Amino acid sequence: MRDFTDEITTFLKRHHYKNVTPTTALIDMDGTLYDSMKFHTLAWKHLADELGIEADRDEFYLYEGMTGEATIDLLYMRQFGRHVTPDEAKEFYHKKTEYFKTFPDVDTMPGAKTLIESMKKMSMKRVLVTGSGQSSLISRIERDFPGGFDENLMITSKSVTHGKPHPEPYLKAMQIAGASPRKCIAIENAPLGVKSADRAGTFTIGITTGPIPAEELSQAGAAVVFGSMQELADNFPALILKLFNTSVE
């Protein structure tokens, strides 16, 4: 088992905290709870091709966490030199969503159910924080993680004005949970999500579940990085215990 003392101490000093005593977990969805990014990136690539936008499929891993409208606007501005209109953004995101629905049902990420069960045993409050607005996955949460998430403790793209990497999604998550940054941890698999959580002041755990290397998650602000959700699940009790027992002056 890893020790985590150095990573925790570095985080505490960087944020000028004495300690972190987490009672609430703020958890991303795509690429974290679900092995869905392979289909999201393919759906985005199909949309880009249809719109005549030059894009590489893997670049969409870097946009994970942004709202769909923000992603479309970024692509449109880069290709055509103008912003999309609200009606265009709505139409194009609907097309992307329809592409996604044509793919096979995605599996839960190995280790995700074990992690959620560990949190439940610790009586740790859980808040979903996703940049997605696609009901096709969000509606599966209760079926796949029974009792894992309260429907009133979910932040989606429809909940915010500014998506990740802006801190608003995580600030709103803390608000609805009634928890301060030092009482939270965040779990993310993408640089924009990590930046969002770190900017909100939370101890952020990075997970490498796609092609993005661990170094990029660390550079974005992840306090500690694991190679999979299963690795996090295996180490989670030890990490939480170490967080409660580590402090700096």
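## Aromatic rings

Let's start with a cluster: Trp44, Phe60, Tyr63 and Tyr93 are linked to one another through ring pairs. Keep in mind that this is a predicted model. Across the whole structure, a search turns up 11 aromatic pairs. If you want to describe such a pair, you give the distance between the ring centres and the angle between the planes.

The charged end of Arg2 sits over the ring of Phe226, 4.8 Å from the ring's centre.

## The largest pocket

Next, have a look at the largest pocket, which has a volume of about 240 Å³. Its lining is made up of 13 residues, and Glu69, Lys90, Tyr93, His94 and Lys158 are the ones nearest the centre. Tyr93, then, turns up here as well as in the ring cluster.

Helix α5 (residues 86-101) supplies the largest share of the lining, with 7 residues. Sorted by class, the lining comes out as 6 polar, 5 charged and 2 nonpolar residues.

## Around Leu192

Now over to Leu192, which you'll find in helix α10 (residues 191-199). Leu192 counts as buried because its relative accessibility is 13%, and the cut-off for buried is under 20%.

Who are its contacts? Leaving aside residues up to four places away in sequence, Leu192 touches Leu62, Tyr63, Glu64, Met66, Lys164 and Pro165. Take Glu64: 128 residues separate Glu64 from Leu192 in sequence, yet their C-alpha atoms are 6.8 Å apart in space. Tyr63, another of these contacts, is a member of the ring cluster too.

Conventions
Residues numbered from 1 in each chain as written. Predicted model: local features only at pLDDT ≥ 70, side-chain atom pairs only at ≥ 80, totals over all residues. Heavy atoms only, no water. Helix = DSSP H or I, 4+ residues; strand = E, 2+ residues; numbered from the N terminus. Buried < 20%, exposed > 50% of the residue type's maximum accessible area, 1.4 Å probe, protein only. Contact = heavy atoms within 4.5 Å. 1 Å grid on protein atoms, 1.4 Å probe; cavity = no way out; pocket = protein on both sides within 12 Å on 5 of 7 lines; lining within 4 Å. Points joined across faces, edges and corners; volume = space filled by probe spheres on them. Nonpolar A, V, L, I, M, F, W, Y, C, P; charged D, E, K, R; others polar. Phe/Tyr/Trp six-rings, centres within 6.5 Å; stacked < 30°, edge-to-face > 60°. Lys NZ or Arg CZ within 6 Å of the ring centre and 35° of its normal.
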